[in-house]
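Good morning, and thank you for joining this meeting.

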Amino acid sequence: MNSGIKEKILFRKLEKKDKDAFVKAYDYYFDDIYRFVYFKVGKKETAEDLTSSVFLKTWDFILNNSISDYKTLRALFYKIARNTIIDYYRKKSTQMEESIDTYNFDIKDEGQDLETKIDLKMDYTQVIEKIGELKDEYREILILRFVNELSVSEIADILEKETGNVRVTIHRALNALKDLMK
Amino acid sequence: MKNLNSQLNNLKKIKPGIDYKSKNRELLLTQIYNTAEAKPADFSFGFTTYLQQYVSEFADFIAQPAMVVGFVLVSLLGGGLFGATASKGTKPGDSLYVAKRISEKTQLALTFGEKEKAQLRIDFAGNRVEEIEQVLADNKENNAETKKTVNDLVNNVKSEVGAAKNGLQKINKNAKIETKVTEKATKTPNNLGEVKNVAVKNDEDEVFSANLGKDKSGISTSEKEEAVIKKEEDSKTLLTQAKESLKSDDVASTLSVLEKVDEAIDKAVDSGEVKGVSEEVATTTVEKK
């Protein structure tokens with residue numbers, strides 16, 4: 001089934017607070033939300049705790065509110081994820097720009113041998129280190145656009161910005177990363 | 001810049017740990033199912049959305065010139081678009097086969113309740129079995145393409161049966177939980193062991209044709225009848241049995257029958273035939289004890 005149709009069907013069911021639909025939404029969005037949170041907070045264990053919290057908060061939100069105002073289910077999850085991270089830092093009372101835990105991540109198992117996995121980790125580590133040096137706004141937009149592959153309009157909806165603004169920020173973020181990678 | 005984009009894109013392979021994800025899922029399920037009952041999704045909200053999505057997909061397919069002719073013919077025949085007689089007997093490769101599959105998906109999307117969904121899925125599995133028969137009958141040379149089509153259909157059967165089983169297992173599980181809760185609530189010093197059994201059937205109460213050897217009245221069957229009965233346990237017969245069991249709310253029996261379907265269809269396809277009712281009529285040699 002087309003993923004756009006699948007998401008729309010899940011969204012309609014969740015408007016009616018369907019539990020089974022929420023479990024399917026969990027399976028569908030979990031990896032993306034985890035990755036987003038991981039790159040925002042930089043620590044694997046923190047990312048795990050916060051991601052769990054995101055899904056519980058989303059369910060609680062769905063139960064107690066109407067979600068009709070949200071354009072897509074994906075937008076709802078990302079907005080709650082962003083708010084959860086903001087709350088986390090507020091409680092922690094530290095700067096948002098923490099360094100990313102560069103070696104502490106898992107890679108999707110595609111049957112690679114150990115040596116290949118190590119090589120992949122080294123490749124990823126270089127990019128991740130540099131992403132960690134970017135300011136939060138740039139880091140966030142690069143993850144949404146290039147890692148989780150959201151469209152510009154979806155990103156605009158999540159960040160509550162104009163699409164033109166988002167395009168400019170993406171361009172600037174890429175340039176900033178490119179400069180760091182030199 | 002292109003290289004940088006692809007490097008960023010590769011980061012998609014970073015994923016949460018499997019253990020963490022599955023434990024978290026269990027925790028979430030506990031939280032969700034402990035919250036207040038969600039209102040079941042009702043018919044009215046879904047129809048327009050589903051229809052819009054599926055008609056839009058089908059419209060793209062039907063816009064091909066050859067399909068337009070077919071579509072006009074169907075309309076003239078007045079068969080309607082979904083569940084039409086015109087598409088009912090179609091198989092992979094036929095022009096209206098897509099309409100048939102879309103119709104099935106729409107029916108499933110508009111059906112609520114695990115039992116009802118399971119019934120539909122059993123019907124769809126039966127449709128796939130019929131399609132396998134048709135494909136094999138039309139393609140006696142059994143080339144690579146035919147094999148692939150049959151393989152895909154077999155996988156569809158297993159997928160539908162698997163989904164039906166999952167749904168029925170949920171019903172079974174809820175019924176068992178309800179039984180346990182009721183058992184605890186009704187257990188008093190004067191009323192020990194009285195249990196209001198909601199919808200749980202004892203496995204030993206299963207009775208269907210293959211179990212004649214366990215008949216308690218002392219009648220045993222001949223080896224010939226056992227061989228014939230075994231032959232009759234083909235996938236189509238099993239699916240019919242499953243549907244009958246489910247109609248009478250016998251979830252445990254239905255699950256038990258569905259367990260056999262995968263093996264039955266594999267055997268049938270391997271032997272090159274997928275038949276419905278056995279051509280031999282069982283002649284029972286009954287020996288009364």
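Predicted model: local features only at pLDDT ≥ 70, side-chain atom pairs only at ≥ 80, totals over all residues.

Let me start with the chain as a whole. Chain A contains 8 helices and 1 strand. Following the sequence, the order of these elements is α-α-α-α-β-α-α-α-α. The chain has 182 residues, and 51% of them count as buried. The accessible surface amounts to about 8,700 Å², with 46% of that area belonging to carbon and sulfur atoms. As for contacts in chain A between residues at least 6 apart in sequence, 64% of them link residues at least 24 apart.

How do helix 1 and helix 2 of chain A pack? Helix 1 covers residues 3-15 and helix 2 covers residues 19-41; their axes lie 9 Å apart, and the angle between them is about 140°. Roughly antiparallel would require an angle over 145 degrees, and the two helices of chain A are therefore described as oblique to each other. The crossing of helix 1 past helix 2 in chain A is left-handed.

Which residues form this contact? On the side of helix 1 of chain A they are S3(A), K6(A), E7(A), L10(A), K13(A) and L14(A). Their counterparts in helix 2 of chain A are A21(A), F22(A), K24(A), A25(A), Y28(A) and Y29(A). Sorted by class, the contact between these helices of chain A comprises 7 nonpolar, 4 charged and 1 polar residues.

My last topic is backbone geometry in two loops.

The loop between helix 6 (136-147) and helix 7 (152-159) of chain A holds E149(A). Its phi is positive, near 60°, and the residue is not a glycine. Is E149(A) buried, partly exposed or exposed? With a relative accessibility of 41%, E149(A) counts as partly exposed.

The relative accessible area of E160(A) is 65%, over the 50% cut-off, so E160(A) is exposed.

That concludes my presentation, and I thank you for your attention.

How values were computed. Residues numbered from 1 in each chain as written. Chains lettered and ligands numbered in written order. Heavy atoms only, no water. Axes fitted to C-alpha atoms, helices over the stretch in contact; angles between N-to-C directions. Helix = DSSP H or I, 4+ residues; strand = E, 2+ residues; numbered from the N terminus. Parallel < 35°, antiparallel > 145°, perpendicular 65-115°, else oblique. Left-handed = near helix turned anticlockwise from the far one by under 90°. Contact = heavy atoms within 4.5 Å. Nonpolar A, V, L, I, M, F, W, Y, C, P; charged D, E, K, R; others polar. Buried < 20%, exposed > 50% of the residue type's maximum accessible area, 1.4 Å probe, protein only. Areas by Shrake-Rupley, 256 points an atom, 1.4 Å probe, with all protein chains shown as cover.
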